[in-house]
Amino acid sequence: MSAWLNDETTLRTAAAPSHGVDIFALLRDRVDRRTDDRAAQVTASGAAWLAGASAYPRSTLSQWEAHPCSPGVLPCGSSFDVVSVPALFGRRMLEQLWAEGPGSGPVATHRGRMLLFASPGTAQRLPSLLAWEEWGTGAAGGPRRHQGALPPVLCHGTGDAVTVPPLTGGAGSGGPRWVVAPDTRNPWLPGPDVLLWACVRVGRSAAPSTTGNSIFPPADPGANVYDVSRRR
């Protein structure tokens, strides 16, 4: 499955098609000229990896040559799965992954959500791990205790497809864009255990503490408060 008609045309590497551009040369130029934003720039190797998720990689690359500024749709389950979370929660997950964890794979944003590319099989395992995790919110033994601290997490795997940002441009158009773009033919992809760890760290830091009781009584909202800083 891909965003374009499935045909079996081969990618012409010697010369660009008459109706498009040489996408690989364009991607190389962009990386060389915009070194200040390389994390969000797709490389030629990254484009080849993305196209490999399609049933017709050469056809997909040919279409990207013709329309390098257009987003596409790629299937999940073979080259990658995708975990979709609200943008703010996803950004905090990224902070955890890069500051204290092993890092992340490719990451994109689309329609107010962050798409974290994960290893195949993550979409099947992560929901059960999230449901099993004790989040410290709600009554003990109650159902769906994690919902108080965890926003909706959507897992896309086999049989699903996701919109991927364009290879070039699109950063200021309001459409999908890359936060961490693919840059190799074999990018490292986090598994369900790594993403569970990031969700737990972010979810628990946002949830009210239930690990113990304060030794101080709750404040009385009706109490009179006096400024004694000037008293001698």
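**View 1. The four aromatic pairs of the structure.** The model is predicted. Ring pairs join Trp-49, Phe-80, Phe-117 and Trp-178 into a cluster.

**View 2. The tilted aromatic pair of Phe-117 and Trp-178.** The ring centres lie 5.7 Å apart, with 40° between the planes. This pair connects distant parts of the chain: Phe-117 belongs to strand β4 (residues 113-118) and Trp-178 to strand β7 (residues 177-180), a separation of 61 residues. Phe-117 has a relative accessible area of 1%, and Trp-178 has one of 5%. Both values are under 20%, so Phe-117 and Trp-178 count as buried.

**View 3. Helix α4, residues 87-99.** The helix comprises 13 residues and spans 18 Å from its first C-alpha to its last, close to the 18 Å expected at 1.5 Å a residue. Its buried residues are Phe-89, Gly-90, Met-93, Leu-94, Gln-96 and Leu-97. An α-helix has 3.6 residues a turn, so residues three or four places apart point the same way. On the other side of α4, Leu-88, Trp-98 and Ala-99 are exposed.

**View 4. The second largest pocket, with about 160 Å³ of space.** The pocket is lined by 13 residues, of which Ser-104, Gly-105, Val-180, Ala-181 and Asp-183 are the closest to its centre. By residue class, the lining of this pocket consists of eight nonpolar, three polar and two charged residues.

Methods. Residues are numbered from 1 along each chain as its sequence is written. This is a predicted model: local features need pLDDT of at least 70, side-chain atom pairs count only at pLDDT 80 or more; totals for chains, interfaces and linings use all residues. Side-chain values use heavy atoms; hydrogens and water are left out. Helices (H or I, at least four residues) and strands (E, at least two) are DSSP runs, numbered from the N terminus. The expected span of a helix is 1.5 Å times one less than its number of residues. Buried means under 20% relative accessible area, exposed over 50%, partly exposed in between (1.4 Å probe, protein chains only). On a 1 Å grid over the protein atoms alone, a cavity is a set of points where a 1.4 Å probe fits but cannot get out, and a pocket is an open set with protein on both sides within 12 Å along at least five of seven lines; lining residues have an atom within 4 Å of a point. Grid points are joined across faces, edges and corners, and a volume is the space filled by probe spheres set on the points. Ala, Val, Leu, Ile, Met, Phe, Trp, Tyr, Cys and Pro count as nonpolar, Asp, Glu, Lys and Arg as charged, and the others, Gly among them, as polar. Rings of Phe, Tyr and Trp (its six-membered ring) pair if their centres lie within 6.5 Å; planes under 30 degrees apart count as stacked, over 60 as edge-to-face and the rest as tilted.
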